[in-house]
Amino acid sequence: MITEKTITDFIYREADLLDTMQWQAWLDLFHPEGRYWMPLEWQQQDPVLQPSLMYEDLLLLKVRVERLAGERTFSQKPKSRCHHLLQAPQIVACDTAAGVFKARTSYIYTETRGDMLERYSGWASHDLVQVGDALKIKLKRVDLVNFDAPFGNIQLFM
């Protein structure tokens, strides 16, 4: 049975997988129809008809992971590293009968490569579905506080 603790543990595990660059294990958390979305506007409702910083399906996420893990990816020498500092996730919806769950987590995200350090803060929303005994990400939405600021290349995943 999925509990609030199961959901919060899932979110902490996801952040740990990203921080330790366990890309394949991170991808395995996604539902086959899962999406990773980073809106360009405050309270943006549509990732398709409005421009987004990122709106990627599982195929695009796999391509990005392959690039990050590749030995010939010279833009990743030295490799980027990241750290997620999360507040306790807030459970927004918990429908165990339907196997549908939603959480929202405030975070501070740090990404570094060489002597460059970037820091972002915002909220991550997880729309999760139960598949068997496991949770899968149907949608991960990342809203940045400074969504309208100019950004360099965001190399990893928040």
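**View 1. Thr 110 and the residues it touches.** Setting aside neighbours within four places in sequence, Thr 110 is in contact with Arg 81, Cys 82, His 83, Leu 117, Glu 118 and Arg 119. Keep in mind that this is a predicted model. Thr 110 sits in strand E5, which covers residues 100–113. One of those partners gets a polar contact too: the side chains of Thr 110 and Arg 119 meet at 3.2 Å. Thr 110 has a relative accessible area of 15%, so it counts as buried, the cut-off being under 20%.

**View 2. Leu 139 and its partners from elsewhere in the sequence.** Once neighbours within four places in sequence are left out, Leu 139 is in contact with Arg 35, Trp 37, Ser 125, His 126 and Asp 127. Look for Glu 33 as well: it lies 106 residues from Leu 139 along the chain, yet their C-alpha atoms are separated by 8.6 Å.

**View 3. Met 21, a loop residue with positive phi.** Met 21 falls in the loop that links helix H1 (4–19) to helix H2 (23–27). Its phi is near 55°, a positive value in a residue that isn't glycine. Met 21 comes out as partly exposed because its relative accessibility is 33%, and that class runs between 20% and 50%.

**View 4. Gln 43, another loop residue with positive phi.** This time the loop is the one between strand E1 (30–39) and strand E2 (52–57), and Gln 43 is found there. Gln 43 isn't glycine either, and its phi is near 55°, again a positive value. With a relative accessible area of 54%, Gln 43 is exposed, as the class needs over 50%.

**View 5. Stepping back to the whole chain.** Three helices and seven strands make up the element list, and from the N terminus they run α-α-β-β-α-β-β-β-β-β. The C-alpha trace spans about 45 × 30 × 30 Å along its principal axes. The radius of gyration is 15 Å, which agrees with the value near 15 Å for a compact globule of 158 residues. Of those 158 residues, 42% are buried. Take the contacts between residues at least 6 apart in sequence: 56% of them join residues at least 24 apart.

**View 6. Surface and charge.** The chain exposes about 8,800 Å², and carbon and sulfur atoms supply 54% of that area. As for charge, there are 18 positive and 21 negative ones, and their mean positions are 5 Å apart.

Methods
Residues are numbered from 1 along each chain as its sequence is written. This is a predicted model: local features need pLDDT of at least 70, side-chain atom pairs count only at pLDDT 80 or more; totals for chains, interfaces and linings use all residues. Side-chain values use heavy atoms; hydrogens and water are left out. Helices (H or I, at least four residues) and strands (E, at least two) are DSSP runs, numbered from the N terminus. Buried means under 20% relative accessible area, exposed over 50%, partly exposed in between (1.4 Å probe, protein chains only). A polar contact is a pair of N or O atoms within 3.5 Å; within protein, one must be able to donate a hydrogen and the other to accept it, and residues adjacent in sequence count only if both atoms are side-chain atoms. Contact means heavy atoms within 4.5 Å. The radius of gyration is taken over C-alpha atoms; the globule rule is 2.2 Å times the number of residues to the power 0.38. Accessible areas come from the Shrake-Rupley method with a 1.4 Å probe; for residues, only the protein chains shown count as cover. Lys and Arg count as positive and Asp and Glu as negative; His and the chain ends are not counted. The place of a charge is taken as NZ of Lys, CZ of Arg, CG of Asp or CD of Glu.
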